[in-house]
Amino acid sequence: MNNRPNLSEVEYLNWREVVHDRCGIYFTPSRRHFLESRLWERLQHRKLKSYTEYYHFVLYNSDGDHEWGQLLDLLLNNESSFFRHTPSFTALTEHVLPDLMQKKRLLGINTFSIWSAGCANGQEAYSLAIAFLETAVSRQYQLTVWGTDISQRSLQTAKKGIYKPYDIRNMPPPYLQKYMCSTKAANGRRMVYQLNDTIQKLTQFSALNLTAPERYSLPQQDVIFCQNVLIYFQPADRKTIVERLCDHLAPNGYLFLAPAEMIRLKIPDIRQVKLEETLIYQRERR
Ligand SMILES: C[S@@+](CC[C@H](N)C(=O)[O-])C[C@H]1O[C@@H](n2cnc3c(N)ncnc32)[C@H](O)[C@@H]1O
């Protein structure tokens, strides 16, 4: 039986504000019950009596920051898959990477930087590394793929690079053979798949809150993917983050959003690239 008490209006508004201030996610009334169920799970775990008591714990207890991390992991949606949005990966391999490689060759630059912002369990970052290696002449460039996320739990999974059969469902079979090795899971019962060293060495994972006020601690990027992250953000917050991501594009660099995350963007030197079923912006060279 569910004996969960309802969040009062004041409790809902207080929690909505804290979550929004700390990570940008905005709990609309339609997601209030989801918020309530996650708070209830954590406050029971802490043996506290009410949402308000739990609120004070997270804000003022010496263990509050740790507890916030636990709660955050329950609030976030870290669903992902390899090569998730096919039109974006097609645009990347057929248009964006050849264009950037040609420009870099002319400029005598041999480094390449790609950022998966909101990388969840790492599938997007690893897909970007594979897509890059599969592009002709990629070996002439030294690649770094940065994967960042606010969730420590997701980052731990990403760093291991080990996935269950369901997780690799979209991985093209030739890439599976080329870039992953299958082994028995620790319990010996089922198979798991691990990215090989070549791919793991190209990727770096670290914590980064896209709504944090300080400047993002990453170099300028040739390609940024930020897909299915801004979906729970308010339009004004989406706009601020997208502007900051654009600010992190190297000259000629491309930003990939998910088409459903369309926002009105008017930034000098940033133009929309019209490629089918995608939402891509490019910084024009200054
Ligand atoms: C649904 S997953 C998307 C993963 C991947 N980009 C994809 O498209 O498959 C959304 C990710 O955004 C992360 N996220 C949410 N808010 C964030 C924030 N403020 N800063 C950084 N990452 C955030 C979540 O932790 C989650 O891993």
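Two strands count as paired here if DSSP finds at least two bridges between them. Helices (H or I, at least four residues) and strands (E, at least two) are DSSP runs, numbered from the N terminus.

This is a predicted model, where local features need pLDDT of at least 70 and side-chain atom pairs count only at pLDDT 80 or more, while totals for chains, interfaces and linings use all residues. Residues are numbered from 1 along each chain as its sequence is written.

**View 1. An open sheet of 7 strands with mixed pairing.** Reading across, the order goes β6-β2-β1-β7-β8-β10-β9. The edges belong to β6 (203–207) and β9 (270–273); each has a single partner strand, so one side of each has no neighbour in the sheet.

**View 2. Zooming in on the β2–β6 pair.** Strand β2 (residues 142–149) runs parallel to β6, and 5 bridges link them. Look for Val145, whose bridge partner in β6 is Thr203.

**View 3. Two helices lying across the strands.** Helix α6 (residues 123–133) lies across β1 (111–117), β2, β6 and β7 (221–226), at about 165 degrees to β2. Helix α7 (residues 152–160) lies across β2 and β6, and its angle to β6 is about 165 degrees. Contact here is when the C-beta atoms of two residues, placed from the backbone, lie within 7 Å.

**View 4. The shell around the ligand.** By class, the shell has 7 nonpolar, 11 polar and 4 charged residues. Nonpolar means Ala, Val, Leu, Ile, Met, Phe, Trp, Tyr, Cys and Pro, charged means Asp, Glu, Lys and Arg, and the others, Gly among them, are polar. Domain 1 (9–75) and domain 2 (86–283) each supply at least three residues to this shell (bounds come from an automatic or database domain assignment).

**View 5. Where domain 1 touches domain 2.** The domain centres, taken over C-alpha atoms, sit 30 Å apart. Their contact takes 7 residues from domain 1 and 11 residues from domain 2. On the domain 1 side, helix α4 (residues 64–75) gives the most, with 3 residues.

**View 6. Helix α2 against α4.** The axes of α2 (residues 32–45) and α4 come within 10 Å and cross at roughly 145 degrees. Arg38, Glu41 and Arg42 of α2 meet Gln70, Leu71, Leu74 and Leu75 of α4.

Definitions and conventions. Axes fitted to C-alpha atoms, helices over the stretch in contact; angles between N-to-C directions. Near = placed C-beta within 6 Å.
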